[in-house]
Amino acid sequence: MKRALLIFNCLLLAVGNCGGPLIMRLYFVHGGKRVWLSSWLETGGWPMIFIPLIFSYFHRRRSAALESSESANKTKMIFMKPRLFLASAVIGIITGFDDYLYAYGVARLPVSTSALIIATQLAFTAGFAYLLVKQKFTSYSINAVVLITIGGAVLALHTSGDRPAGVSTKQYIAGFLMTLAAAALYGFVLPLVELTYKKSRQRITYTLVLEIQLVLSFFATVVCTVGMLANNDFKVIPREAAEFGLGETAYYVVLACSAIAWQGFFLGAIGVIFSSSSLFSGIVIAVLLPVTEILAVIIFKEKFKAEKGVSLALNLWGFVSYFYGDIKNNKTNNLQLQLHKTEATATQISSV
């Protein structure tokens, strides 16, 4: 079941990680200018999480009803305790500011450059995972980190002179620094979520993971809502929709799709942490960046140079390295567990 959840959350993360940046860039390319609005959309789809939570509740209630009607009436609706709620709220506030940093960068930089900078997130994730959750590194995970980091660096070879039209040098530099800060901050958030799981003092189930994501996204959205109010974004939306390059209806479709894609990203990210680790979540995010590059070539007609092909190969190689190492490590652990059980059984027989 845990392996199935890992695959499911990897798929969610893949859709969000590839679709989110492209849809956000589509908004800016065709006339969108509201950075706080784009930030809000990254977590504004949080009410969608109520759907699986409601299904989960009625499933538990039905299962309890098979035992007795009294058990069904005692079915818990909420598993989250105050300690975990507070931790999720703090992470949500941090995520809200990270949303703004990232959206600002996407508004000022081409997809290829922002993807390059975000690739550095893996290095930040690895460092913070080591400091916060004492992540153990194997030769396979180290190899994966090195390969994927190099894959991101290779993209730097084609970024000279890629400043979009209408963006000043000052804005370009600001976008570069903001995106780098976003990579560092989210590299901190992923291990922080894993640390929250470990320090929660309660059993972490996938239903509880959904509750954590709900609280996290809600508080991140509150931060972005305050930013939108301060920037008068809500008043500007109707006028911006009317002037949108693809049409007014397409404007609202882009906003809705952006919210759905980004919610898939965040839910997939914390789901992968639940099923594996924060480091693996960072590796999945990094390995998908070249895929985003290829989609950008198709959608925005960007040039696909040799550096992008090399980066894609290195990222896939790193992903396979980590995944192979994880499978091998699980087999070794299972063999050791069986060996311990055999030794314990032999000891009991000899004592008798």
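Which residues does Tyr251 touch, not counting residues up to four places away in sequence? In this predicted model, the partners of Tyr251 are Tyr27, Leu37, Ile237, Glu240, Ala241 and Phe244. Two of these names return in the description of the largest nonpolar core, which holds 79 residues; Tyr27, Leu37, Tyr186, Tyr197 and Tyr251 touch the most other members. Helix H12 (residues 248–275) supplies the largest share of this core, with 14 residues.

Glu194 belongs to helix H9 (residues 169–198). Its relative accessible area is 8%, so Glu194 counts as buried, the cut-off being under 20%. Once neighbours within four places in sequence are set aside, the contacts of Glu194 are Val133, Gln135, Ile273, Ser277 and Ser278.

Turning to helix packing, the axes of helix H1 (residues 2–29) and helix H13 (residues 278–300) come within 9 Å, crossing at roughly 40°. The two helices are therefore oblique to each other, and their crossing is right-handed. On the H1 side, the contact is made by residues including Leu6, Cys10, Leu13, Asn17, Pro21, Arg25 and Val29. H13 contributes, among others, Phe280, Val284, Leu288, Thr292, Leu295, Ile299 and Phe300.

A word on confidence may be welcome here. The chain has a mean pLDDT of 84, with 89% of its residues reaching 70 or more. Confidence is highest in helix H2 (residues 35–43), at a mean of 95, and lowest in helix H4 (residues 69–73), at 63.

How values were computed
Residues are numbered from 1 along each chain as its sequence is written. This is a predicted model: local features need pLDDT of at least 70, side-chain atom pairs count only at pLDDT 80 or more; totals for chains, interfaces and linings use all residues. Side-chain values use heavy atoms; hydrogens and water are left out. A nonpolar core is a set of buried Ala, Val, Leu, Ile, Met, Phe, Trp, Tyr and Cys residues joined through side-chain atoms within 4.5 Å. Buried means under 20% relative accessible area, exposed over 50%, partly exposed in between (1.4 Å probe, protein chains only). Helices (H or I, at least four residues) and strands (E, at least two) are DSSP runs, numbered from the N terminus. Contact means heavy atoms within 4.5 Å. pLDDT is the predictor's confidence in each residue, from 0 to 100. Axes are lines fitted to C-alpha atoms, for helices over the stretch in contact, and angles run from 0 to 180 degrees between N-to-C directions. Angles under 35 degrees count as roughly parallel, over 145 as roughly antiparallel, 65 to 115 as roughly perpendicular and the rest as oblique. A crossing is left-handed if the near helix is turned anticlockwise from the far one by less than a right angle, and right-handed if clockwise.
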